[in-house]
Amino acid sequence: MSNSVLNETKQYLTFKLSDEVFGVDVAQVREILDYIKITKVPQTPDFMCGVINLRGSVVPVVDMNLKFGMNLTERTVNTCIVVVEVKLGDETAVLGALVDSVQEVFEIEPQNIEPAPRIGTKLNTEFIKGMGKREEKFIILLDIDKVFSSEELEIVQSSGNFKSNEINSAK
Amino acid sequence: MPKTIMTVDDSASVRQMVAYTLREAGYDVVEACDGVDALAKIDSATYNLVITDLNMPRMDGITLIKELRIKPKIRFTPILMLTTESQSEKKMEGKSAGATGWIVKPFKPEQLVTVVKKVIG
Amino acid sequence: MIDSLQQAFIEETKELLAELEITLLAVEDAPTDSELIAKLFRALHTIKGSSSMFGFDDIALFTHDIETAYDLIRNGKLGVTKHIIDLTLLARDEISNMLVNTGSHTNINEENTKKIIESFREIVSGYNKTEKKQTKDAVELQSSSNNKSSEKHHHFHIRFIPGKDLFLTGTNPLMLIDELREMGSMVLSAHFDKTPDFIMLNPEECYCYWNIFLKTTKTLDDLQDVFIFVADNSELTFENISNEIPKDFEIDFTKLQNIISQNAQNNTNDFRSILKEYFSVQKQEMQSEINAPKKQAQASNGHSEADSVSSIRVSSEKLDELVNLVGELVTIQATLSQVAISNNNNDMISISEEVERITWSLRDSALNIRMLPIGSTFSKFKRLVRDLSNELGKEVELSTDGAATELDKTVIEKLNDPLIHIIRNSIDHGVEAPEERIRVGKSSMGKVHLSASQSGGNVLIKIIDDGAGLNKEAIREKAIKSGIISETTEMNDTELYSLIFAPGFSTAKKVTSVSGRGVGMDVVRRAIEGLRGSVQVSSELGKGTVITLKLPLTLAIIDGLLVKIESDHYVLPLSSIEECIELSEEDIKKAHGRHIVNIRGKIIPYISLREIFSIKTNRPKIEQVVIAKINNHQVGFVVDQVFGQHQTVLKSLGKYYKNVEGISGATILGDGTVALILDINKLTENEEIIENNF
């Protein structure tokens, strides 16, 4: 993880997945939506929730809980879709992240960010920019460009848990 | 007040290039796509210079120059012709029709500005 | 700005090259048509003229000799030959290459360009011995300005007596003098002794003349250049008088100018003697030189825009953006109608109806802007047919009609390759060799006809040849051999003919460079279906073959059939839908759970979308089967509910979902939810693969 990224004071938006708090750089957050109907695209993995209509554009939504190997995000009044902009090579893609609840926006100084531990987070360390300290608690600061890199979501094309498997094997 | 130049050329890219270069040099530019178009637009403003291509559909450059020289308003306005033809016949034909001078195509934008300055400052 | 100008140049040159090709082929048929030849010359002339201005010097240089040849042709000094046309076609391709490979010359065969240029030079020099001089002339302006003048100072005495009619060409002599002034330091004397009495004076004539002394680093050529426009009708003398000036002599130009100005009456002789006197008397006293005031170009940004023009050129991205926005408007308008109706407010309903009306007109106009006549594509094929028939030793004539038929730009672009393929096939497999044609009593010249016509929301494109036609028996045999059908398969003619579009099918006895390129007609079918179109073949043995492509007018907005499974909506392309029937639990029982229904005695297989999409909730008691025609076969798609026709604005699912099979996109419904658009061809194909593996 390049340290230069962490050398300036940045604002992070925090959200909760199960009981854990995660942060993303606000510069990459476009808006926060209340939960709306998501249209499932057939023959795609479960963590790919489907697509929503964002003012006329069709935007994919990812269930962050499932993506990080936790249980399916339960729908409550606090369930939100965080719309983020992700760099995919030279392009920018817009994507929705389904989270349990959105917490706050706060500023964090570089000295309060520690590098991600190599083990123990149960997450691919590639995804983690650093661990932010805040009032004795740790917040996992995500590198969403990595989390949503096309290779990460490529599984959409090759796996999927139902018929598409058969189709592929049949070929 | 900036000086106004009309550029007449059937090739949109050449015309736009001429117009862009001259605008950058501080002139006002009106574009016309051939002789007929030029004649239609000539009364709409007072021009300090007309730059015209020679080979054009509908009305060629030489005819246009002759037509312009009849108009009292344009009588003393400098007219430059754009030509790839290096033969002096074409130049002479243009001169006797009333052209002030010529610019040999291809030219670079700087060359165009130089020639225009030579004629209208 | 420069970039977009350059882009405009590239676009324009591409069009010119296309026009050049068409014109060349036309000239081949009518070599003496002076209008066509003038057109050729104009195109070359413009390409050469503009390319250098936009930094494509290689193109300018290359085109120069070709233009020279066409100038001779234009003036009747040279006749058009097949050789010249062949060369020009090659040259056209070469220019096209250069245009694409700007900057890098990796793909440009320099040998090739050299050869072409040399051939043109030969042609020209054969008729014109002064060819070399012309080449030199053309670069004259460039070279003279590029010449680095030596730093050595020259001293000139210039006498400039303009012709009386100077003003009539719009020339301002003071501008010329200003230009000289910028070349160095000068003193000047204007003479009015030739001006007549007031009564005799004609204000339109020029009576004034000038004597100029100039110290400059420029050469005589540079000075003459200043007067290039007026040289013919003015009296001009340039005299280098550097040797009259003592070495290391510093000229005080202010003082010299004063001396000259005080002698108001002086004429040329006086001027010269004053100079002489000055140089001999003056010692070096002062050093300052007058710097000619440098004119600065005014930088102003308020440009008046060009007057209205009859057509404008916009980039296709801008158009696509417009169509996208219109698509969104269509969507939001649907929402508005829905809200208006559910609120049951009459005022609002009438407003929403008005908005609906305008939206549809706007949609039609926006889509209409993207419509292009298909003729531009047709004309490309003239060249293809010419080259192919040469290569294959066949005589083929291409005719077209309906070139004005309009199609969406994106459709036209994607149509190019399939059409090339079909035409190749027609010439290679369809049209017989000349001897064979004569043997069967046909004219040796084969015919391929391209026609386009509009029929409803579709465009029909027919490729008709008068060749040998399709041999049904051969197709059948071949299909059995390749395992596409079994010996017992019963097929009607249409089904049989459509086998030529099956993957891995080819009846050609020998592989030629033309059609044996490893891509079969299945590629054509796939491409056409990708455009939501269909392909049909009819043929008569010995008489010829007709291939008909049916294409939608546009891809941005399609007519769809809106259906629902569980809580999700889906859209099927209406163009392939034939009918909808009900499917009850009893029907399923009757078929013993096999996915087939009996419609008016015909057995039709169906695909349960519920199953494919793994929707695990219970199916309703009565389902609906949407019957579609795919590759001339009827296939049913089982859904929960059918809503009816729906104007569908196509949206991409984006990068993350790009490879999902069976879904070709999404659309937004009136209530704001997203419905998926089904690719029923792909769904059927996948299902076939799965079932055939059982």
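Reply: Leaving out residues up to four places away in sequence, C:Tyr70 touches C:Leu24, C:Leu40, C:Phe41, C:Leu44, C:Ile84, C:Thr88 and C:Phe120; contact here means heavy atoms within 4.5 Å. The model is predicted, with local features needing pLDDT of at least 70, side-chain atom pairs counting only at pLDDT 80 or more, and totals for chains, interfaces and linings using all residues; side-chain values use heavy atoms, without hydrogens and water. Residues are numbered from 1 along each chain as its sequence is written, while chains are lettered from A and ligands numbered from 1 in the order in which they are written.

C:Tyr70 belongs to the largest nonpolar core, of 87 residues, and is among the members with the most contacts inside it, along with C:Phe120 and B:Met6, B:Leu22, B:Ile51, B:Leu80 and B:Val116. Helix H1 (residues 2-29) of chain C gives the largest share of this core, nine residues. Apart from it lies another core, of 61 residues, which includes A:Val58, A:Val84, A:Phe127 and C:Ala628. Such a core is a set of buried Ala, Val, Leu, Ile, Met, Phe, Trp, Tyr and Cys residues joined through side-chain atoms within 4.5 Å. Buried means under 20% relative accessible area, exposed over 50%, and partly exposed in between (1.4 Å probe, protein chains only). In soluble globular proteins, nonpolar side chains tend to be buried together.

Chain C as a whole comes next. Of its 694 residues, 45% count as buried. Chain C has 22 helices and 21 strands, where helices (H or I, at least four residues) and strands (E, at least two) are DSSP runs numbered from the N terminus. Among its contacts between residues at least 6 apart in sequence, 70% join residues at least 24 apart. C:Leu499, in the loop between helix H18 (493-497) and helix H19 (521-530), counts as buried because its relative accessibility is 7%. C:Leu499 and C:Val537 are separated by 38 residues in sequence and by 9.7 Å in space, C-alpha to C-alpha.

Some nonpolar side chains are on the surface: C:Leu329, C:Ile332 and C:Leu362 form a patch with about 250 Å² of accessible area together. Accessible areas come from the Shrake-Rupley method with a 1.4 Å probe; for residues, only the protein chains shown count as cover. A patch takes residues with over 30% relative accessible area and no salt bridge, joining like charges within 9 Å and nonpolar side chains (Val, Leu, Ile, Met, Phe, Trp, Tyr) within 5 Å. C:Leu362, in helix H13 (residues 346-369), counts as partly exposed because its relative accessibility is 38%.

At the boundary with chain A, 34 residues of chain A are in contact with 28 residues of chain C. About 2,800 Å² is buried there, 64% of it from carbon and sulfur atoms; buried area is the accessible area (1.4 Å probe) that two parts lose on being put together, summed over both. The count between these two chains is one salt bridge, meaning a side-chain nitrogen of Lys or Arg within 4 Å of a carboxyl oxygen of Asp or Glu. A:Lys37 and C:Asp568 meet in a salt bridge through their side chains, at 2.9 Å from N to O.
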